[in-house]
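The report below works through one structure, from individual residues on a strand to a helix, a ligand shell and an annotated span.

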Amino acid sequence: MSHSDEPEAASKVKSAIAEVPLHVADGFMGANFAADLCSFAAANEAEFKRAVVTRPNVARELDLATRRSFTFEGDLGELGERFLERVRGAGLFEKLAIEPVENPHHEFLLSAHRDDDFFTPHTDITVSDNRSFLGYDRLVTLTYYAHVPGARFAGGELVMHGLFGRGEPRVIEPANDRLVAFPSFAPHEVRKVAQPGAPFAEARFALTCWIGRKLA
Ligand SMILES: O=C(O)CCC(=O)C(=O)O
Ligand SMILES: [Fe+2]
């Protein structure tokens, strides 16, 4: 490559990384699974706790200015197995152009966003000072959305941001039975949900599954 090619080559790299890969699959699990997930969440309402955040040197912290929602960190039982079975056959690493990992680690989080809940822009990775907290490096984030028919909520869109503030934000509705997959390093946010007075059972439920590589 001649010296004069460099500026153009550099700008290609920058535009290539401004938009990160994203895969959206509607009807990913089927209506029965979505309904089962909503029933499971409703039956376990008492086990949902205020969501926490991780930051350098702090493994878990309540920070309601950054993240406001409720999360269930217990065992999902057969729902987790059903989900993973479908994920394994879906070629999601390939769809995101990420090298698949042998024997990956999976982590689940079931969340409920209710009235006024949100998650400000963030990435799902841990680096340097907080890398050891999880015991694995997150590579792929999956979010699967479910809510009961007629759930009264507005907002709650997932917004994918370009890297370094570049590119156009991509706005994805949390449609029932929709899967969204993206590299865990991608900045994203959950816009505020509005559902004044709605019961827990009508929350915007999301099953997040992180797939990653175990730390050596
Ligand atoms: O619920 C969503 O749409 C995404 C949640 C999220 O970003 C997370 O749990 O890290
Ligand atoms: Fe996230």
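Val-140 is found in strand S9 of what is a predicted model. Because 25 C-beta neighbours lie inside 10 Å of it, Val-140 counts as buried, the threshold for that class being 20 or more. Leaving out residues up to four places away in sequence, Val-140 touches Leu-92, Phe-93, Leu-96, Ile-98, Ala-181, Pro-183, Ser-184 and Ile-211. The C-alpha atom of Val-140 is separated by 9.0 Å from that of Asp-124, a residue 16 places apart from it along the chain.

Arg-138 lies in strand S9 as well, but with 19 C-beta neighbours inside 10 Å it counts as partly exposed. Once its neighbours within four places in sequence are set aside, Arg-138 is in contact with Asp-124, Ile-125, Ser-184, Trp-210 and Gly-212. Between Arg-138 and Cys-209, which are 71 residues apart along the chain, the C-alpha separation is 9.9 Å.

Ala-203 belongs to the loop between strand S15 (193–194) and S16. As for Arg-138, 65 residues apart from Ala-203 along the chain, the two C-alpha atoms are separated by 27 Å.

## Helix H2 and its buried face

Helix H2 covers residues 31–43, and at 1.5 Å a residue its 13 residues should span 18 Å, which agrees with the 18 Å between its end C-alpha atoms. Which residues of H2 are buried? They are Ala-34, Leu-37, Cys-38 and Ala-41. Seen down the axis of H2, these buried residues fall within an arc of 95 degrees, so they line one face of the helix. In general, an α-helix has 3.6 residues a turn, so residues three or four places apart point the same way.

The cover over the buried residues of H2 includes strand S6 (70–72), helix H3 (78–88), S7, strand S9 (136–146) and S16. On the other side of H2, Asn-32 and Ala-43 are exposed.

## Two residues with positive phi

Asn-103 has a phi near 50 degrees, which is a positive value in a residue other than glycine, and Phe-164 likewise has a positive phi, near 55 degrees. Asn-103 is found in the loop between helix H4 (92–95) and S7, whereas Phe-164 is found in the loop between strand S11 (158–160) and strand S12 (170–172).

Asn-103 is exposed, since 6 other C-beta atoms lie within 10 Å. Phe-164, with 10 C-beta neighbours inside 10 Å, also counts as exposed, the limit for that class being 12 or fewer.

## The shell around ligand 1

The residues around ligand 1 are Leu-109, Ser-111, Phe-119, Asp-124, Thr-143, Leu-158, His-188, Val-190, Ala-206 and Thr-208. By class, this shell has 5 nonpolar, 4 polar and 1 charged residues. At least two residues of the shell come from each of strand S7 (105–113), strand S14 (188–190) and strand S16 (204–214).

## The annotated span

In an unreviewed entry, UniProt lists residues 104–213 as "domain: Fe2OG dioxygenase". In the predicted model, this span is 0% helix and 49% strand, and its end C-alpha atoms lie 5 Å apart.

Technical notes. Residues numbered from 1 in each chain as written. Chains lettered and ligands numbered in written order. Predicted model: local features only at pLDDT ≥ 70, side-chain atom pairs only at ≥ 80, totals over all residues. UniProt positions renumbered as here; feature names shortened; annotations may be inferred. Helix = DSSP H or I, 4+ residues; strand = E, 2+ residues; numbered from the N terminus. Near = placed C-beta within 6 Å. Nonpolar A, V, L, I, M, F, W, Y, C, P; charged D, E, K, R; others polar. Expected span 1.5 Å × (residues − 1). Arc of directions from axis to C-beta. Contact = placed C-beta atoms within 7 Å.
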